[in-house]
Amino acid sequence: MNTDEDMNEETADNLEATKIIFVGDGAVGKTSILTRFQTGGIDPEHVPTIVGMVTLKMKDITVPEDVTLTDGTQYRLDMEGLRAGDSIDMNLHVFDTPGQIEFERLRRLQYSKARLFVMVCSIDKPNSLLTLKTAWNKEIENASKYVPKILVANKEDVRDDPRIIKDLHENGMDMVTREQIQKAAMELGAIDHIFVSALTGYKINECMKMIAEKSLLRRRERRGIFRCTLF
Ligand SMILES: Nc1nc2c(ncn2[C@@H]2O[C@H](COP(=O)(O)OP(=O)(O)O)[C@@H](O)[C@H]2O)c(=O)[nH]1
Ligand SMILES: [Mg+2]
């Protein structure tokens, strides 16, 4: 089935290895989301990730429609041979990156050929949403402007936890609201967002499906941009 035309990066052959990158501050639950999806449980200890890659086999993924963001940016289906509504199986190679800032060089190496960035924050850590906007988004945009991103707000299970609400108040903070996440998704240029809990498993399967589906899109290159020629 392979014609010469198929031998570029954007063919359905690449479904064998679709590269997904998780980013976000340490301890927001990136590793836990993946572990919960794979095994149905999470490790209560926080073990900082150095480099982790897991392969997830995803069945019956529905090829998505194109997406247009409120600012007009378009994300289009970018896999030859696929049409919106098709049902496919995919292998996701998910890179669970270290959140610590000192691993920046390591992360940059991982970003090449990514098909989707999953930006993770935790609703009990307002700062983890702020750093997505200030630090992580810049790092991602530097790596590629064409790769779609989604926003995942974890720890939905603690939303009404009086002890955590009190702790946040004592430090002059509040739980991150649903509206704040919605607004942040727009500001970040995320093509979708979802609230999950790795602890209870709430929306974890939906989240992984969303990841698989959205990785098939790519930001449409703007027409009419002056292309530099070197002579
Ligand atoms: N309450 C609650 N705790 C969570 C959830 N997800 C992860 N955690 C805890 O948060 C801590 C950090 O999780 P981890 O997955 O290591 O974060 P990472 O650094 O982003 O990979 C661990 O103690 C987890 O048990 C969640 O959905 N709810
Ligand atoms: Mg981790």
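Select helix H3 (residues 126-143) and helix H5 (residues 178-188): their axes come within 10 Å and cross at roughly 5°. Axes here are lines fitted to C-alpha atoms, for helices over the stretch in contact, with angles from 0 to 180 degrees between N-to-C directions. Helices (H or I, at least four residues) and strands (E, at least two) are DSSP runs numbered from the N terminus. H3 and H5 are therefore roughly parallel (angles under 35 degrees). Show Leu129, Leu132, Lys133 and Asn137 of H3 with Gln180, Ala184, Glu187 and Leu188 of H5, which make the contact (C-beta atoms, placed from the backbone, within 7 Å).

This is a predicted model: local features need pLDDT of at least 70, side-chain atom pairs count only at pLDDT 80 or more, and totals for chains, interfaces and linings use all residues. Residues are numbered from 1 along each chain as its sequence is written, while chains are lettered from A and ligands numbered from 1 in the order written.

Next, select Val118, Met119, Ile150, Leu151, Val152 and Ile211, the residues with the most contacts inside the largest nonpolar core, which has 49 residues. Such a core is a set of buried Ala, Val, Leu, Ile, Met, Phe, Trp, Tyr and Cys residues joined through C-beta atoms within 7 Å; buried means 20 or more other C-beta atoms within 10 Å, exposed 12 or fewer, and partly exposed in between.

Then go to alanine 27, in the loop between E1 and H1. Its phi is positive, near 75°, and alanine 27 is partly exposed.

Finish at lysine 203, between strand E8 (192-195) and H6, with a positive phi of about 60°.

Definitions and conventions. Angles under 35 degrees count as roughly parallel, over 145 as roughly antiparallel, 65 to 115 as roughly perpendicular and the rest as oblique. Two residues are in contact if their C-beta atoms, placed from the backbone, lie within 7 Å.
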